[in-house]
Each structure stands twice: as structure tokens, then as C-alpha cells.
Amino acid sequence: MYTPDRHQDLRWMRRATDLAALCPPAAGAYSVGAVIVDEDGIELAAGYSRATGPREHAEEVALARLPQNDLRLTGATIYSTLEPCSQRSASRTPCAQRILQTGIPRVVIAWREPTLFVDDCVGYEQLVEAGVTVVELPELASAAKAVNAHLGDLA
């Protein structure tokens, strides 16, 4: 499993935040960036919300750029500027479930999902309960929130 130091985690999360800034703003959705890094510290895939369609989440986009059952994921880390969703308003698989299906053992987030669209996102808890290591980088939460200024005050 990729176990970077804090400096490396911060560097990858900044990359994810840069990707989030590329998101077309949407009144009913967060702008999120995601980067998947293999156990050698090499970027495997990246994505951002709405990169390939109006309903796609960042983690969904990044994962779709890799072959199904890619064995490199079993030692990878996914960096996401926002806690992976635990429910979707459409008939799509939530991102926390997608991550669990891939076997990714480590997730790094900048910010827990506020209650703007979902009253109780439990993606963090679902991942931890399934044995995934989840690291939160609260010092980058303000950067993750800044790319979501189109949604109003998210403090």
C-alpha cells in the first residue's frame, strides 16, 4: 500500500484541488477533484466532477479511466477534495461504494461533506468500517471549499 508522508499527501491533495477548479460550476453539485496514486507514488488516473458528463463525480471519473479490476488499485491511494458520497440522487453507485469495490485501501480527503445536499453523508464512516484507512487533511479544507464558492457559504 502507498503510505506517503504528510508532505506527499498535501502535494497530491493540492493536485486534486487544482482539478476541482476545472469543474464547470453547477448550482446543485460540488466541484471536486480526485487523483489515484499507485503504491510507488505514481499517478494512475485523475478526474473532476462533471468532466465527462453532468452527473459524474470526481472519483467516478478517475476510476473510469482505469481498467476494471486493475490490480494496481489494491495498493493505491485515492485523494478526493470532498468526502466520497454515501448516497446518490440518481440511480448511480455512490463513490464510497465504488472505492470499496476496487479494493483501494487508503483514501485521503480535505473536507467532510456538509449537509447542503445530503443530511448525513457517511462515506467516511463506511470506508473506515470496511477497513479502509481514511486520512483527513483539514488544513486544505478551505482550498476545497473555495472552488465551491458558487454554492454560497459552506463554512
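## Packing of helix α3

The buried residues of α3 (buried: under 20% relative accessible area, 1.4 Å probe, protein chains only) pack against α2 (58–64), β3 (77–80), β4 (106–109) and α4, where contact means heavy atoms within 4.5 Å. Helices (H or I, at least four residues) and strands (E, at least two) are DSSP runs numbered from the N terminus. In α3, residues 95–102, the buried residues are C95, A96 and I99. They lie on the same side of α3 because they cover an arc of only 105 degrees around the axis, taken from the directions from the helix axis to the C-beta atoms. After α3 comes G103, with a positive phi near 85 degrees.

## Basis of the model

This is a predicted model, in which local features need pLDDT of at least 70 and side-chain atom pairs count only at pLDDT 80 or more, while totals for chains, interfaces and linings use all residues. Residues are numbered from 1 along each chain as its sequence is written, and side-chain values use heavy atoms, with hydrogens and water left out.

## Nonpolar core

A nonpolar core is a set of buried Ala, Val, Leu, Ile, Met, Phe, Trp, Tyr and Cys residues joined through side-chain atoms within 4.5 Å. The largest one has 41 residues, of which M13, V35, I36, L73 and V107 touch the most other members. Helix α1 supplies the largest share of this core, five residues.

Beyond four places in sequence, the contacts of V107 include I99, L127 and V135.

## Residue D9

D9 belongs to helix α1 (residues 6–20) and is buried, at 3% relative accessible area.

Key:
Buried < 20%, exposed > 50% of the residue type's maximum accessible area, 1.4 Å probe, protein only.
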